[in-house]
Amino acid sequence: MKFGKELRSQMVPEWEEAYIDYEYLKTFLKDIQHSRQVHEPPPANPPGLTRKLTLYRNFSGLTGITIPNSPTTPSSSNDHAHQDLERQPILVNAVKRGNGEEGFETTFLADTEAGAEYELVFFRRLDDEFNKVVKFYKAKVEEVLKEADVLNKQMDALIAFRIKVDNPKHSWFETATAVDMNHLASAAATSASMLSTSLSTGRKSDSKRSGDHMEIIDENRSNRRSNNRPAPLEILDRVTVNNTVDTPLSTIKVVLKVPNQNELKFSTDNLQKFEGQLRTAFIEFYYKLKLLRSYSFLNTLAISKIMKKYDKITIRTASRAYMKMVDNSYLGSSDEVRKIMDRVEVTFIKHFANSNRKKGLYALKPKTRKQKHAVSASLGFFVGFTAALVLALILIIRSRAIIEKDGSKQYMETLFPLYSLFAFIVLHMLMYAANIYFWRRYRVNYSFIFGFKVGTALGYREILLVSFGLSVLAVSSVLANLDMEMDPKTGDYKAITELLPAGLLVLVIAIMICPFNILYRSSRYFLLTCIFHCVCAPLYKVVLADFFLADQFTSQVQAFRSFEFYICYYSSGKYKVRENTCKSNDVYNTFNFIVAGIPYWWRLLQCLRRLFEEKDPNQGWNGIKYFATIVAVTTRTAYTRNHTIEWKVIAWIASGVAAAYSTYWDLVHDWGLLNRKSKNRWLRDKLLIPYSSVYFGAMALNVLLRLAWLQTLLDLEFSFLHHESLVTIMASLEIIRRGVWNFFRLENEHLNNVGKFRAFKSVPLPFNYDEVEEEDED
């Protein structure tokens, strides 16, 4: 693999613009190579080089040039240094830039050579790229240093809280007890306090600040202050609980303006809750440190590679001087990140892994999910099995002329809606698998956007495996149903025949809620959590995974109706004789209206919750879109029940408004397209797919499939299709439209994160500190 592709594959997607632009710099090397091929080779000692060097002899110490394995006597050392300096084509100096920031600037000494202007431009661009990297790296290190301070305070509070819970009968206000317990707290807090003790090494200008991040608490001190810092148990005097609005009860309290109870309650349940929050915070913090260390290494390696290519093309020795500058720069010499990582490991192992190093490191360094051969083999088996079953189904239907029999209409009106539910689920999973494939191909960080736990995100192969496994069960059930119906020996057992789809649905639900660690339990529970948040909207804080799933549900209205049909069909008891009386049931027809609007109602409530919290007017306009859709779906359903001209006009108006509004919102807000001032006209400035025609095609397809739902108003009927088949096809087209929408929606979200360099999720911390009181005491 070429280094450029390898570098790109290891980049943090949201930081891509902050890395060395390796491919961009290579274009300048091509220009240099071309110019050297055109012109005659330069002389061994160009006159301009000697003249230029005389201006910089006083700065020879900047390069630190030595000739390895060269015999040098004291009398000739100055001559060797002089000759070695004259061989160097560049000098790199630290300079102050116009904005007051420090940077590095390379002076090219062979500027009189033919084609030297290309090399001058190359070093100018290389300096810009390197200074960009150093600036970004410094900013990120500053961020993690501040986070280390915060985590240190959180650990102090957790240790004190743990001591109080473990020793509830002791009066820790008494001097003698305070001495013993503070001694215990010091012993327990040593590793946490060491997290940033040595951060000052290599940072003379910031030694005072960095030394305060996580100091070591002396175990021999008791009830005394170190650097104006309270003894461990005294920390609880200035700590309150950080209540976040993430539960139905806390949401209701906020709405009713009930004062939050922020005082500490010393209980085992609270201790476990706080430990869990801090454990997650440490894991996320450690992951950030790993990526930051990788960022430093990859950029240093990229500069080394590009300078070696430069030396090879120009037959110079510039890489040694430039790489020495890189090694001495903040990017190459700073070791704060490594030291913090070491302290985090020690702290985490001691306090969250019971001093079990293997267990602690496994939690801090989760392994990415590897592609297993068993998954690919099983996937191939289920794909072939599904194809064989579908072919067998077609042959059975044709050979037995099932469609032409009298019972075919009754079958289509009863069992077909039951089995179509599984068709909708499988189709949606296939579209999601395709989404994952293309998100990975175009480096959309879907795992971070959805908030998946590291190492648990399913790939497209796993999704395909589950979807084709379900399809095998569904098609097998259909075949078994037909066989039992046609076989004269089993044809009388209609109850067993009709219970097959219900049994399959129960099996699927049982697998979903199975508590055992099988069949991707982490992903199943993540999905169930998101479903629960959607159902309970707006009582939970809305995150992207929640409203993204709710958007998927809006494309599964027919699946919701199929589920309603399950309840009606089997609760009536008529399934034993295959009689469908649901459509003549007033309760069923009433709920048919309600069920159609439930997914849109969930999204409306989520928009209102976000409008309340974020004060973003766009959430209000988005909510109006879903309200208009609820009106459109309801009026269309009413028209299908009562074919009158009045309902048809109302349904047309409501559907037209909802379709136009939703299409505009899809293209402009969700996808970020139709920007006429963009450099990619009518699209957006940044596109992950290099072909603009794909975006125009997706927009046209979205508009076309948006109009497909109007088929109920057009009264479309086809002689070769049963009405239930037509409904299923139209519902499938909406699922396909949603699958296309998914890719561009997440692409736009990814680009927004890239613009803000947002690559980590924020983790709520359990404790709040009274900072004012601390400042007064200091």
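Visitor: How far apart are Y566 and Y570 in helix α21, counted in residues and in helical turns?

Guide: Y566 and Y570 are four residues apart in helix α21, which means a separation of about one helical turn. A helix here is a DSSP run of H or I with at least four residues, numbered from the N terminus.

The model is predicted, so local features need pLDDT of at least 70 and side-chain atom pairs pLDDT 80 or more, while totals for chains, interfaces and linings use all residues. Residues are numbered from 1 along each chain as its sequence is written, and side-chain values use heavy atoms, without hydrogens or water.

Across the whole structure, a search finds 48 aromatic pairs. Rings of Phe, Tyr and Trp (its six-membered ring) pair with centres within 6.5 Å; planes under 30 degrees apart are stacked, over 60 edge-to-face, the rest tilted. One of the pairs joins F3 and Y22, with 5.0 Å between the ring centres and 70 degrees between the planes, an edge-to-face arrangement. It links distant parts of the chain, since F3 belongs to helix α1 (residues 3–10) and Y22 to helix α2 (residues 22–38), 19 residues apart. Both F3 and Y22 are buried (under 20% relative accessible area; exposed is over 50%, partly exposed in between; 1.4 Å probe, protein chains only). Y566 and Y570 have ring centres 6.0 Å apart and planes at 25 degrees, so this pair is stacked. Y566 has a relative accessible area of 4% and is therefore buried. Y570 counts as buried too, because its relative accessibility is 16%.

The structure holds one disulfide. Its partners are C568 and C582, with sulfur atoms 2.2 Å apart. The torsion about their S-S bond is about -115 degrees, so the disulfide is left-handed. C568 sits in helix α21 (residues 557–571), and C582 in the loop between α21 and α22 (586–614), so the bond ties together parts 14 residues apart in sequence. Both ends are buried: C568 has 14% relative accessibility, and C582 has 1%.

C530 is buried because its relative accessibility is 7%. C536, with 17% relative accessibility, counts as buried.

Back to rings elsewhere in the chain. One aromatic cluster is formed by W15, Y19, F136, Y137, Y287, Y295, Y330, F757 and F760. Rings can also carry a charge over the face (NZ of Lys or CZ of Arg within 6 Å of the ring centre and within 35 degrees of the ring normal). K164 lies over the face of F266, 5.9 Å from the ring centre. The charged end of K615 is placed over the ring of F612, at 5.1 Å from the centre.

To return to the part you asked about: in helix α21, Y566 and Y570 lie about one helical turn apart, and C568 of that helix is joined to C582 in the loop between α21 and α22.

Terms used:
A disulfide is a pair of cysteine sulfur atoms within 2.5 Å. Helices (H or I, at least four residues) and strands (E, at least two) are DSSP runs, numbered from the N terminus.
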